[in-house]
Structure formats: structure tokens, C-alpha cells
Amino acid sequence: MGPFQDGWTEQDVAAVIARGVPDELLYVPIVISMDPPDFQWSQAICISLASHPHVNVRGNAVLGFGHLARTCRRIDAATVVPLIAAALQDESAYVRGHANDAAGDLLHYLDVRVPGHES
């Protein structure tokens, strides 16, 4: 997926983040949340990218929260719920759509409700 091959490492992710190229960076939240090596590490990266200026990076970071709810069956709700709620109001339909999906995943997998989400 993008700059990542099967068997990617945390160092591979760190290199992509260090380069900061949005066309590569947009893959980071997806790969780290679909098969997270460490929940806290993955969640922290999604949190840091949830306010990224590039719409695809931002949207995928928000979607990553939903993936983490499914794959890890946990989330730091105090931090993540406000980020998803804000993303539901984002100017971009892409981000709003991923926020809606993430809010649905938090509700389904964790019984956590996100304000502004129509369930």
C-alpha cells in the first residue's frame, strides 16, 4: 500500500512521517491501524495526523480511529471522541465521511458515542 510493503516496520513509518510527503503520508494511518504493532503508538500517530492540513491525510487519520476500535477494541475516548466530533464538521466531505465511519465503528465496537454522529 503506497510506500509500504508487507512486513513494514515502525522505522518505515517513521521515515514516511519524517519525509512529510502527503501522497505517502496518507497511507500511514491506514497501515498502522489495520494491523497495529502497538495500540498506543498507532493511536498517537493518528492523533497527530488528525489535524494535518492535507485533506486525505487528515481524513485517513480519523478513519484510523475506527480501525483501531475494531482491531484493538479500545480507544482513548477522552482524546479521540472530540477529534472525530470536530471532523464531522470538517469543510471537506472526504473528512466528514471518514469521521462518520469512525464514529459508527466506535459505537459498534466500543459502545462509545460521538456527538454529532447520526446513528
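## Cysteines

A disulfide here is a pair of cysteine sulfur atoms within 2.5 Å. By that test, this predicted model holds zero disulfides. Why does C46 have no partner? Its sulfur is 10 Å from the closest cysteine sulfur, in C72, and that is too far for a bond. C72 is likewise in no disulfide, with the sulfur of C46 being its nearest cysteine sulfur.

C46 counts as buried because its relative accessibility is 0%. C72, at 23%, counts as partly exposed.

## A note on the numbers

Residues are numbered from 1 along each chain as its sequence is written, and side-chain values use heavy atoms, with hydrogens and water left out. As this is a predicted model, local features need pLDDT of at least 70 and side-chain atom pairs count only at pLDDT 80 or more, while totals for chains, interfaces and linings use all residues.

## Helix α4 and its buried face

C46 is also one of the buried residues of helix α4, which spans residues 39–49; the others are F39, S42, Q43, I45 and L49. (Helices are DSSP runs of H or I with at least four residues, strands are runs of E with at least two, and both are numbered from the N terminus.) Seen down the axis of α4, the buried residues fall within an arc of 160°, so they line one face of the helix. That arc is taken from the directions from the helix axis to the C-beta atoms. As background, an α-helix has 3.6 residues a turn, so residues three or four places apart point the same way.

What do the buried residues of α4 pack against? Their partners are α1 (10–19), α2 (22–25), α3 (28–34), α5 (55–72) and α6 (77–87), where contact means heavy atoms within 4.5 Å.

## The nonpolar core

A nonpolar core is a set of buried Ala, Val, Leu, Ile, Met, Phe, Trp, Tyr and Cys residues joined through side-chain atoms within 4.5 Å. The largest one has 33 residues, and V28, I32, I84, L106 and V114 have the most contacts inside it. At least two residues come from each of α1, α3, α4, α5, α6 and α7, and α5 gives the most, with six.

V114 sits in the segment after α7 (93–110) and counts as buried, at 5% relative accessibility. Leaving out residues up to four places away in sequence, V114 touches V81, I84, A85, L88, A103 and L106. Under that sequence cut-off, I84 touches V62, F65, A99, A102, A103, L106 and V114.

## Two salt bridges

How many salt bridges turn up in the whole structure? The search finds two, each needing a side-chain nitrogen of Lys or Arg within 4 Å of a carboxyl oxygen of Asp or Glu. One joins R19 and E24, with the closest N and O atoms 2.8 Å apart. R19 is partly exposed at 48% relative accessibility, and E24 is partly exposed at 22%.

The other joins D90 and R58 at 2.9 Å, N to O. This pair links distant parts of the chain, 32 residues apart: D90 is in the loop between α6 and α7, and R58 is in helix α5. D90 counts as buried at 15%, and R58 is buried at 11%.

Note on methods:
Buried means under 20% relative accessible area, exposed over 50%, partly exposed in between (1.4 Å probe, protein chains only).
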